[in-house]
Amino acid sequence: SAGPNPALIALHGAGGIFPYQLWWARELSKNGFVILFIDHYCTRGHLCEHASDDNDSRRGAIMRDWQQVSLRQRVIDATAGYIWLSNKNYVKKDRIGLIGWSWGGSSAIFAQKLSRRISLPNGGFKATIAFYPNLKYVLDKPQWERTGPIEQPLLILYGKSDILESKEAYKKLQSSGFPAPMKILAFDGAYRKFDELGSYRERHHPSIGNFPKAFHSKALERSVTEIKYFLTTYLN
């Protein structure tokens, strides 16, 4: 529609922006959302690629060295995107949220936890969606304790068979007493990147070893339904 419309800032994970993430951006834009996808890598000279899959060796190289762009810098990029969107007359300035995958999901959650320190116009980010955000690797970091509460609605989606995630970490998050409405969806039989077309495969990271990925149609279908409901409830 002509607008103004609600908006989402999209954040990629360790391997950069993938075609399946751009599919999500197009799908959500059909529902009346402006989508701004932040590429943390391209202008920093790491990777300028949006069309290949994770067989691309360049993606593997940056995935193994993803901390070339820290979580802190990814949050700064997201806030810069927020300010840019806030100056567009086709955006509802008080209806801007976040969506992220893997470390992009972690960054989106940290952007919420830092909201009291980041002085953003129009009340800051209003809702967050995080796909498989590596929570068990985040909870023990000092910055998790040092940053503030999660105060805006949060939806997390992950696969129960994803060895990079853990049920215990999500239980800890849910028992943390944060005031935000929070929904955590764990899909039976689903691996990492359940929302990306592709058969079962394993990838390797030097700090964690091998980890599996695979598409899971039921998890994707449920995710589409849940995300549209979440966005209608909190951003429309």
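Q: Which residues form one aromatic cluster here?
A: Keep in mind that this is a predicted model. The cluster is made up of Trp-23, Trp-24, Phe-37, Trp-101, Phe-131, Tyr-132, Phe-187 and Phe-194.

Q: And what does Phe-131 touch, skipping residues up to four places away in sequence?
A: Its contacts are Trp-24, Ile-99, Gly-100, Trp-101, Ser-102, Leu-157, Phe-194, Asp-195, Ser-223 and Ile-227.

Q: Which residues touch the most other members of the largest nonpolar core?
A: Ile-9 and Phe-131, in a core of 74 residues. Helix H8, residues 217-234, gives the most to this core, with six residues.

Q: Back to aromatic pairs, how many are there?
A: The count is 15. Take Tyr-82 and Phe-125: the ring centres are 5.0 Å apart and the planes sit at 70 degrees, so that pair is edge-to-face.

Q: Where do Tyr-82 and Phe-125 lie?
A: Tyr-82 is in helix H3, while Phe-125 is in the loop between H4 and strand S4 (128-131), so the pair ties together parts 43 residues apart in sequence.

Q: Are those two buried or exposed?
A: Tyr-82 is buried at 0% relative accessible area, and Phe-125 is buried too, at 5%. Tyr-191 and Tyr-200 also make an edge-to-face pair, with 5.2 Å centre to centre and 75 degrees between the planes. There, Tyr-191 is partly exposed at 26%, and Tyr-200 is partly exposed at 44%.

Q: What do the buried residues of H3 pack against?
A: Strand S1 (5-11), strand S2 (34-38), strand S3 (91-101) and helix H4 (103-113). The buried residues of H3 include Leu-71, Val-75, Tyr-82 and Leu-85, but also Arg-74 and Asp-77.

Q: How far does H3 reach?
A: Its 16 residues, 71-86, span 23 Å from first C-alpha to last, close to the expected 22 Å.

Q: What about S2, how many of its residues are buried?
A: Four of its five, so S2 is largely enclosed by the rest of the structure. Five bridges join S1 to S2, and the two run parallel. The chain gets from S1 to S2 through helix H1 (residues 19-29), in a right-handed β-α-β crossover.

Q: Switching topic: where is Lys-193, and is it buried or exposed?
A: Lys-193 sits in the loop between strand S6 (182-187) and strand S7 (201-205). Lys-193 is buried, at 6% relative accessible area.

Q: What is Lys-193 in contact with, leaving aside neighbours within four places in sequence?
A: Phe-18, Tyr-20, Asp-54, Tyr-132, Lys-213, Ala-214 and Phe-215. Tyr-132 in that list is also one of the aromatic cluster we began with.

Key. Residues numbered from 1 in each chain as written. Predicted model: local features only at pLDDT ≥ 70, side-chain atom pairs only at ≥ 80, totals over all residues. Heavy atoms only, no water. Core = buried A, V, L, I, M, F, W, Y, C linked by side-chain atoms within 4.5 Å. Buried < 20%, exposed > 50% of the residue type's maximum accessible area, 1.4 Å probe, protein only. Contact = heavy atoms within 4.5 Å. Expected span 1.5 Å × (residues − 1). Pairing = 2+ DSSP bridges. Right-handed = clockwise from strand over helix to strand, strands pointing away. Phe/Tyr/Trp six-rings, centres within 6.5 Å; stacked < 30°, edge-to-face > 60°.
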